[in-house]
Amino acid sequence: MTSTAPKHHKARAIKPGSVRPAKELCSECGLCDTYYIHYVKEACAFINQQIPELEIQSHGRDRQLDNEDELYFGVHQEMMAARKLEPIEGAQWTGIVSTIAIEMLTQGKVEGVVCVQNTPEDRFQPMPVIARTPEEILAARVNKPTLSPNLSILEQVEQSGMKRLLAIGVGCQIQALRAVEKELGLEKLYVLGTPCVDNVTRAGLQKFLETTSRSPETVVHYEFMQDFRVHFKHEDGSTETVPFFGLKTNQLKDVFAPSCMTCFDYVNSLADLVVGYMGAPFGWQWIVVRNDTGKEMLDLAMEQLETQPVMSKGDRRQAVQQSIPAYDQGVTLPMWAAKLMGVVIEKIGPKGLEYARFSIDSHFTRNYLYTKRNYPQKLEQHVPEFAKKIVDQYQLPEN
Ligand code: FAD
Ligand code: SF4
């Protein structure tokens, strides 16, 4: 008799602590903690980059490379700046992600939401869950600024018999999820993504906090913001700001995970809806609706939001070109000069979508060089065409 069980049921999750198929490039997305490891060679974002193919699967087409907004921000129908009329206390920004997830659940669109809470002992240690109540979604608010194995709950999804699911996640998690989507036995998968860049392991996070913040142990939240400063929020409610240009780049060079140094999916190309901040004015969030499913999700929260059109101001190119050798040489400015530079750049620097392009350009050029130097054999297949086109605008060092 032949078995009708899916092929992956025979596979076994990798043992905790053992080397993953992507080796040091593994972003700990969680896929290999499940029997879906069966598909890893095809699904892993760091083994098999397949963004255009998965864009066609998810949005019906891949991005138009000659349309500048699509080249940078991926397939989309609509972009806007938005903020919650009543922000959620303790959310990363105003809590649009948590709000949409709660509406999806309470209005019966889905039976569960993949999101990431923290462990009881450590506010920055990620603990992925399938939330089934608004309270469980709220308990996952705020970024866990560390690699998070969100897909480690995939076996539970199949075993629970759930048919309608919302997954929240960053680009590498979503790429692997899209690649195995058809194997999950779902009727409908909704994907709510955030942009993501420069993530770290839990140990790397500690080093970053210790080299950058005045009080590492009381940080509850931080973000690299559009005013060219890192904003740390502390337990007592106080805010500390450190200019980007004053970061100890020589000490921090190795802090980012190798996966993130080779990532070109900053804008989460495969989510139905993306909620970040970098294309919006300071204090606002930035929303990218990629397809009709994304629109359906956003509509549920629209009446709780204030919105405005996206804007763009300034010219990023020179600043990006100058950032390339500065990063390479690990330049750190004295704090007074860094503050001054921060103030000047904030006044005359890129704003709105141009700020987002500044951030994408500086990360893609850096990551292209990193990939070329450390994984030359991967360069051609791993770097998507859109990223090559973006990087080609700049002069990079030969080696
Ligand atoms: P909240 O309502 O507070 O909800 C946050 C959601 O994020 C929760 O549902 C939680 O499940 C999920 N989450 C938390 N940590 C992780 C994690 N490690 N992996 C996957 N999911 C997680 N936006 C930009 O515009 N530019 C950036 O450079 C940028 N970098 C980011 C880096 C990281 C590591 C992360 C997680 C997010 C980043 N974002 C970035 C997105 C941005 O910081 C906010 O998360 C987003 O705007 C949503 O804010 P919110 O208040 O609506 O979210
Ligand atoms: Fe497996 Fe994910 Fe690591 Fe790739 S990134 S090796 S899919 S856990």
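Modeller: Start with helix α11, residues 292-299, where G294, M297 and L298 are buried. Buried means 20 or more other C-beta atoms within 10 Å of the residue's own, exposed means 12 or fewer, and partly exposed lies in between; C-beta atoms are placed from the backbone.

Colleague: How do you know that the buried residues of α11 line one face?

Modeller: Look down the axis of α11: the buried residues fall within an arc of 95°, so they share one face of the helix. The arc is taken from the directions that run from the helix axis to the C-beta atoms. On the other side of α11, D292 and D299 are exposed. This is a predicted model: local features need pLDDT of at least 70, side-chain atom pairs count only at pLDDT 80 or more, and totals for chains, interfaces and linings use all residues. Residues are numbered from 1 along each chain as its sequence is written, while chains are lettered from A and ligands numbered from 1 in the order in which they are written.

Colleague: What covers the buried residues of α11?

Modeller: The cover includes α4, β5 (188-193), β9 and β10. Helices (H or I, at least four residues) and strands (E, at least two) are DSSP runs, numbered from the N terminus. α11 lies across β5, β9 and β10, and runs at about 135° to β10. Such angles run from 0 to 180 degrees between N-to-C directions, with axes fitted to C-alpha atoms, for helices over the stretch in contact.

**The sheets**

Colleague: What makes β5 and β9 a pair?

Modeller: Two strands pair if DSSP finds at least two bridges between them. β5 and β9 have 2 bridges, in the parallel sense. They therefore meet the rule. L192 stands opposite L273 in β9.

Colleague: In what order do the 8 strands of the open sheet come?

Modeller: The order is β3-β2-β4-β5-β9-β10-β1-β11, with mixed pairing. β3 (122-131) and β11 (305-308) are the edge strands: each has a single partner, so one side of each lacks a neighbour in the sheet. Neighbouring strands are turned by 30° against each other on average, direction ignored.

Colleague: Why are β6 and β8 called edge strands?

Modeller: An open sheet of 3 strands runs β6-β7-β8, with antiparallel pairing. β6 and β8 (239-243) each have a single partner strand, so one side of each is left without a neighbour. The twist averages 20° from one strand to the next.

Colleague: How many bridges join strands β6 and β7?

Modeller: There are 5, between β6 (residues 219-224) and β7 (residues 229-234), in the antiparallel sense. E223 stands opposite H231, and F224 stands opposite V230. The hairpin has 4 residues between the strands, and F228 takes a positive phi near 65° there.

**The ligand shells**

Colleague: What puts a residue in the shell around ligand 1?

Modeller: Its C-beta atom, placed from the backbone, must lie within 6 Å of the molecule. For ligand 1, 36 residues surround it, and the closest are A91, S98, C115, G276 and M278. α4 gives the most, with 3 residues. The shell divides into 20 nonpolar, 13 polar and 3 charged residues. Ala, Val, Leu, Ile, Met, Phe, Trp, Tyr, Cys and Pro count as nonpolar, Asp, Glu, Lys and Arg as charged, and the others, Gly among them, as polar.

Colleague: Which residues are closest to ligand 2?

Modeller: A22, C26, C29, C32 and C44, out of 14 that surround it. This shell has 11 nonpolar, 1 polar and 2 charged residues.

**Two residues in between**

Colleague: Why is Q117 called partly exposed?

Modeller: Q117 has 19 other C-beta atoms within 10 Å, so it falls in the middle class. Q117 sits in strand β2. Beyond four places in sequence, Q117 is in contact with M127, V129, A139 and A140. Contact means C-beta atoms, placed from the backbone, within 7 Å. Q117 and A139 are 22 residues apart in sequence and 6.0 Å apart in space, C-alpha to C-alpha.

Colleague: What makes A319 partly exposed?

Modeller: The count for A319 is 17 other C-beta atoms within 10 Å, so the middle class applies. A319 belongs to helix α12 (residues 317-328). Not counting residues up to four places away in sequence, A319 touches G349 and F358.

How values were computed: Contact = placed C-beta atoms within 7 Å.
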